[in-house]
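Thanks for coming. Please have the structure open.

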Amino acid sequence: MPEPTPSSGHVTPLNEQALTSLHGVGPALEQKLNRIGLYSVQDLLFHLPLRYQDRTRVQPMGSLRVGEQVVVEGTIELTEIGFGRRRMLLCHISDGTGALLLRFFHFSNAQKEALARGTRLRCFGEVRAGKKFLEMVHPEYKRLSADEVASVEETLTPLYPTTEGVHQLKMRDLVQQALQRLLQHPDALSECLPDEIRTQYRLSALADAVRVLHQPTADISLSALQQGQHPAQQRLAFEELLAHYLSLRQLRIRMQSHTAQALHQQPPRWEAFQGNLAFTLTTAQQRVIDEILRDIQQTVPMMRLVQGDVGSGKTIVAAAAALAAIDSGFQVALMAPTEILAEQHLQNFRAWLEPLGIQVVWLSGKLKVQARRQALEQIASGQAQLVIGTHALFQDDVSFTRLALVIIDEQHRFGVHQRLALREKGSIDGAVAHQLIMTATPIPRTLAMTAYADLDVSVIDELPPGRIPVTTVVIPDNRRDEVLQRVMSACRQGSQAYWVCTLIEESESLQCQAASDTAELLQQALPDLHVGLVHGRLKSEQKEAVMSAFKGAEIDLLVATTVIEVGVDVPNANLMIIENAERLGLSQLHQLRGRVGRGGKESSCVLIYQGKLSQMARARLAAMRDSNDGFVIAQRDLELRGPGEVLGTRQTGVVQMRIADIVRDQALMPSVHIVAEKLLHTCPQVVPVLVQRWLGQNIHYGKV
Ligand code: ADP
Ligand code: MG
């Protein structure tokens, strides 16, 4: 990057000014700054404080509150050595309004001498509650001479996120230099939002917002700042959300410039297909199918996300879409995140589509060489009309001849990258495949619009009739006997139950071991019952045998690892026990619980936890107990964990925001959308500037 050229008429934009152009930044420091996403002088301006300290005023000791970080001034009344668990220096000071105890665990003799009775001190630290007095532990302090009037800071003191080897003070200095540059050349930071938009949405000028946040004056509300509600923060959050949204919109526009095969709207074999089903479609399913069919008869590639709670019946919707493509003479690929789920789909789709004479082919990573070769041939020749599998579907040696529709189940496990790779995979003669994505992670609409602005969203907002909500209880491990009783009496009455073993260990073999140990113990404790076992280490045939024995009610109690999380469907099972439930995430718990409550009977779920619950775990288990609604649970999950984790897109950087918080700032989204469309139409030249500014290094996924 070129050095700035302050004297010439032309001003180098701050995003083109290298960090090394600042005083005190060499290549080594530059590298460290790169590590936390700082590449230019402009990046420093957007590197906002995590917190602030108020050193702008001296607080009377009589008005201190626990937890506050404050400046106080007082006179030493007494300094003594205390002996608690450790030797320490205790220094009592007071200012006429109140008193405070300073506590030092590390101190030198000289320090002790200097803190003699009568000395005036200025201290900064956090106020804590002690046994008798309010305290500060290891405050920063400075001795004042008898009549000295020490100055205070004029602005709140920012605390920046830093990285190893970059001190807080260094960071502060660098940001100050960046602000200085901005002050000298206001034009070096481009304001992307036109005046009329800023007026309409009450957004301050970018440069002003940046300055305020790095140097808030003493009259600014610290609590508004801490909560991200200050107008200056909202101004930047707005712009950041705008940039993210625009980048996805661009992706969508680019995608829509491709063509796709126009497929039949109403598949010829539709009547036959529907006639074979054991149930009638819900209104919501029918509506979503119509939305899909409308999309795929266009020559613009469909990019539709179907959201629906666990058990809402997404699979049949996917089957309807597949049928439309196949009836139009094309191939369909269906990808699931796990082998078990893919197998479950295979069974379902075979049952639905093979009677219509449709060829369904299986492709998983575990196929033997011979079988794999055969599958690949069928795919390449077009004989395979529907191909079902895991990631293996999209390896290089898999080539389709007439792929027109790609279906991805449980989208949240795939990132944007994979989504894009699939789009490319589908292209035939310049036409790309339609894409249908199904997810059981329901997220609030405004959030979906941000995270999936490149997709259309359909929601199956209705469960098939006759579902009775599952009753959930939370029980400590030491009341296991009660749980055993419960299992026994349920099974005696002809019900079946799941016992899910979970371990946090990554190792699959440890998990399987734990499950088989549990199965053995349970069989001993419940000798009348038939106890079965299923885990990921079993061969496919073994797994199938156990699952069909459970389906056929030959097994009363099925002990399983979390492999049954998705796809498993046994309506007579109406009791689920989940061990170590405190270790699982909300969406996983919700998925697991979704295995019961599928028949017409009352169902229940027992969450067993071990030891003392953390606050977070307690909140998760309470959320499960209080609701069966996937949307409610997902909202809670968002609040507890934040969007990056929930959407599983942390790696992709899509929802990783610097200032905005897509949960906290949801209310901004409607205006963000309007402004985005305005900019795209009226001043498209600012779009790349915004995207570059906020997504910078993360936009490699934008290259489709
Ligand atoms: P999801 O994938 O959305 O969690 P599934 O597609 O696995 O749900 O469907 C859950 C269960 O509901 C399956 O047993 C399925 O056969 C059944 N099902 C789906 N749609 C209906 C419907 N309209 N009426 C009754 N049962 C349905
Ligand atoms: Mg499903």
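First, some terms: two strands pair if DSSP finds at least two bridges between them. Helices (H or I, at least four residues) and strands (E, at least two) are DSSP runs, numbered from the N terminus. What you see is a predicted model, where local features need pLDDT of at least 70, side-chain atom pairs count only at pLDDT 80 or more, and totals for chains, interfaces and linings use all residues. Residues are numbered from 1 along each chain as its sequence is written, chains are lettered from A and ligands numbered from 1 in the order in which they are written, and side-chain values use heavy atoms, with hydrogens and water left out.

Now the parallel sheet. It is open and has 6 strands, in the order S17-S22-S21-S18-S20-S19. At its edges are S17 (471-476) and S19 (531-534), each pairing on one side only. From one strand to the next the twist averages 20°; axes are lines fitted to C-alpha atoms, for helices over the stretch in contact, and angles run from 0 to 180 degrees between N-to-C directions. Inside the sheet, S18 (496-500) and S21 (573-578) run parallel and are joined by 5 bridges. Ala497 stands opposite Leu575 in S21.

Two helices go with this sheet. Helix H16 (480-492) lies across S17, S18, S20 (557-560), S21 and S22 (604-609), at about 165° to S21. Helix H20 (615-626) packs on the sheet and touches S17 and S22, its direction making about 150° with that of S17. Contact here means heavy atoms within 4.5 Å.

The other sheet has mixed pairing: 7 strands, open, in the order S6-S7-S4-S3-S2-S5-S8. S6 (128-129) and S8 (140-144) are the edge strands. S2 (69-83) and S5 (120-126) run antiparallel, with 7 bridges between them, and Val71 stands opposite Phe124 in S5.

Last, the cores. A nonpolar core is a set of buried Ala, Val, Leu, Ile, Met, Phe, Trp, Tyr and Cys residues joined through side-chain atoms within 4.5 Å; buried means under 20% relative accessible area (1.4 Å probe, protein chains only). The largest core has 65 residues, and those touching the most other members include Leu33, Leu242 and Leu679. Which helix gives the largest share of this core? H8 does, with 11 residues. Leu242 touches Leu193, Val672, Val675, Ala676, Leu679 and Leu690, not counting residues up to four places away in sequence. Another core lies apart from that one, with 46 residues, among them Leu263 and Phe330.

Definitions and conventions
Buried < 20%, exposed > 50% of the residue type's maximum accessible area, 1.4 Å probe, protein only.
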